[in-house]
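Open the model in your viewer and keep the sequence panel beside it.

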Amino acid sequence: MLCSRLLFLRSSIPVRAIHRASPESDLWARADAYHNSFLLKADPVLDATQHHTRELGKNAATAAVSPAQGKFLHLLLRGLNAKRVLEVGSLGGYSAIWMARALPDDGELVALEISAVNAQAIEENPNNTNHFVEAKRLVRSGGIIIVDNTGRKGYPADPGRTGPGVEGVRALLSHIRDDDEVEAATIHTVGEKGFDGFTFAYRK
């Protein structure tokens, strides 16, 4: 069993068109860029990886973490003194680089990405909850599980909205509510990625 301190799960259902041109979304993107200009340094490796992720297509680009979110994961791991991390859904590897750089010399990061062959099956079968159950099995008491892309423009809270991604988030939240072995909160975010969020869970 992995004694991981953190498992990072990315939603298997793409967040489609999460960033659309509007006065609000433009402001969010400018705010991200402004803060990043002070707090993030130029990094050719990360820039090249982000470019590669965009080349994978729109779904990959919208699901990937932003630079600020990548640094947040990096700082979180450093604060936890984490040594082992499992990432499910690594896309182009951008977030994996941020997290790997936070680990000590004897640390380990395992990044998993499903093949394109299975993309249609994933689209039809949201598995946030299955991923969460398996992550909980792997992480030890005191560990952290982060499920990305759970905000989804607020759609899970709208009874009129349906679809694999929205239903997947609802099922995940219901599962966590009934699980006495975890405590969790969803943090909604806005920025260059639009309006989304992540669910942060602590394993008791």
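Predicted model: local features only at pLDDT ≥ 70, side-chain atom pairs only at ≥ 80, totals over all residues.

**Stop 1: the cores**

Select Phe8, Leu73, Leu77, Met99 and Ile146. In the largest nonpolar core, which has 17 residues, these five touch the most other members. Now colour α4, α5 (94-100) and β4, each of which supplies at least two residues of the core. The largest share comes from α4, with four residues. As a general point, nonpolar side chains in soluble globular proteins tend to be buried together.

**Stop 2**

Show helix α7 (residues 128-138) and helix α8 (residues 164-177): their axes are 8 Å apart and the helices pack at an angle of about 35°. On the α7 side, select Asn128, Thr129, Phe132 and Val133; on the α8 side, select Gly168, Val169, Ala171, Leu172, His175 and Ile176. Together these make the contact. Six of the contact residues are nonpolar and four are polar, while none is charged.

**Stop 3: the largest cavity**

How many cavities of 30 Å³ or more does a search of the whole structure find? There are two, and the largest holds about 180 Å³ of space. To centre the view on the largest cavity, select Val65, Gln69, Asp148, Gly197 and Phe198, the closest to its centre of the 17 residues that line it. Elements giving two or more residues to this lining are α3 (58-63), α4 (67-80), β4 (139-148) and β6 (194-203). By class, the lining has nine nonpolar, five polar and three charged residues.

**Stop 4**

Begin with Asn36, in helix α1 (residues 23-39). Its relative accessibility is 13%, so Asn36 counts as buried. Beyond its neighbours within four places in sequence, Asn36 is in contact with Pro67, Ala68 and Glu192.

Move to the loop between α4 and β2 (84-88), where Asn81 is found. Although not a glycine, Asn81 has a positive phi of about 55°. Most residues other than glycine have a negative phi.

Finish at Asn149, in the loop between β4 and α8. Asn149 also has a positive phi, of about 60°, and is not a glycine. Is Asn149 buried or exposed? Asn149 counts as buried because its relative accessibility is 2%, whereas Asn81, at 61%, counts as exposed.

How values were computed. Residues numbered from 1 in each chain as written. Heavy atoms only, no water. Axes fitted to C-alpha atoms, helices over the stretch in contact; angles between N-to-C directions. Contact = heavy atoms within 4.5 Å. Nonpolar A, V, L, I, M, F, W, Y, C, P; charged D, E, K, R; others polar. Buried < 20%, exposed > 50% of the residue type's maximum accessible area, 1.4 Å probe, protein only. 1 Å grid on protein atoms, 1.4 Å probe; cavity = no way out; pocket = protein on both sides within 12 Å on 5 of 7 lines; lining within 4 Å. Points joined across faces, edges and corners; volume = space filled by probe spheres on them. Core = buried A, V, L, I, M, F, W, Y, C linked by side-chain atoms within 4.5 Å.
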